[in-house]
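Trainee: I would like to learn how to read the features of a model. Please show it to me.

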Amino acid sequence: MFDLISRYQDQLLDAFWMTIKLTLLSTVGALILGVIVAAMRVSPVPVARWVGTAYVTLFRNTPLTLILVFCSLGVYTTLGVQLSGDSNNLNFLATNNFRFAIVGLSIYTAAFVCESLRSGINTVPLGQSEAGRSLGLTFGQNLRYIVLPQAFRSVIAPLGSVLIALTKNSTIAAVIGVAEAARLMSVMIENEADIIVVGAIFALAFVILTLPVGLLFGWLARKYEVKR
């Protein structure tokens with residue numbers, strides 16, 4: 001195992017650094033989009049609630065592979081939409097696919113972030129929202145200053161699980177040519193005879209990536225969760 005790691009050391013570091021970048025950037029996108037969709041789900045405007053419900057239903061039940069392939073082949077190849085700059089640049093395709101992978105992962109994960117947040121919003125006592133409205137706060141202000149801070153504290157552990165799932169889901173970006181861990185694993189399996197060792201290396205690496213996240217969010221949940 002250690003001989004294999006030493007021979008692929010640089011490629012392994014590059015691949016897992018790509019996985020980390022995909023995870024971090026997609027987490028930011030998913031949190032922003034998930035908060036917006038969650039606000040729509042609890043909005044007093046019927047159309048906003050319908051759009052939020054439709055978004056969650058659509059993307060939570062659509063395979064992530066299909067979303068990423070659509071972003072790459074549908075949006076870029078067919079419609080000609082690109083997220084990178086100069087198309088003559090040698091790194092254009094890699095950069096473009098990387099950014100489309102972030103978009104796809106963010107859109108998909110936002111549906112799960114939304115549902116986690118909505119469950120947290122439902123734990124906030126109704127009287128607090130009514131008190132905010134009696135003070136003259138708008139729906140957005142009520143959500144921002146009263147409801148969401150408590151909702152986030154109530155769902156720290158579920159959000160950690162969503163982040164761990166996102167880390168593992170980032171391997172699907174290999175289907176559109178992003179040079180992350182799963183793509184390197186397929187190359188190593190083709191070139192090396194000991195498939196079990198290759199699998200063990202990547203399994204261990206993902207445990208190293210995700211275990212600290214689970215422990216961190218578990219500690220945060222115990223420390224900051226809202227006591228009811």
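Trainee: Over the ring of which residue does the charged end of Lys21 sit?

Mentor: A charge sits over a ring if NZ of Lys or CZ of Arg is within 6 Å of the ring centre and within 35 degrees of the ring normal. Here the charged end of Lys21 sits over the ring of Phe98, 5.5 Å from its centre. A note on the source: this is a predicted model, where local features need pLDDT of at least 70, side-chain atom pairs count only at pLDDT 80 or more, and totals for chains, interfaces and linings use all residues. Residues are numbered from 1 along each chain as its sequence is written, and side-chain values use heavy atoms, with hydrogens and water left out.

Trainee: How many helices and strands are there in the chain?

Mentor: Helices (H or I, at least four residues) and strands (E, at least two) are DSSP runs, numbered from the N terminus. This chain has ten helices and zero strands. Its C-alpha trace spans about 70 × 45 × 30 Å along the principal axes.

Trainee: How many aromatic pairs does the structure hold?

Mentor: A pair of aromatic rings is described by the distance of the centres and the angle of the planes. Rings of Phe, Tyr and Trp (its six-membered ring) pair if their centres lie within 6.5 Å; planes under 30 degrees apart count as stacked, over 60 as edge-to-face and the rest as tilted. The structure holds four such pairs. One of them joins Tyr108 and Phe112, and is tilted, with 5.2 Å from centre to centre and 55 degrees between the planes. These two residues are four apart in helix 5 (residues 92–121), so about one helical turn separates them. There is also one aromatic cluster, formed by Phe16, Phe202 and Phe206.

Trainee: Is Tyr108 buried or exposed?

Mentor: Buried means under 20% relative accessible area, exposed over 50%, and partly exposed in between (1.4 Å probe, protein chains only). Tyr108 counts as buried because its relative accessibility is 14%. Phe112, at 29%, counts as partly exposed. Of the 228 residues of the chain, 40% count as buried.

Trainee: Which residues does Ser106 touch, not counting residues up to four places away in sequence?

Mentor: Contact means heavy atoms within 4.5 Å. Ser106 is found in helix 5 and counts as buried at 8% relative accessibility. With residues up to four places away in sequence left out, Ser106 touches Leu25, Ser26, Gly29, Ala30 and Leu33.
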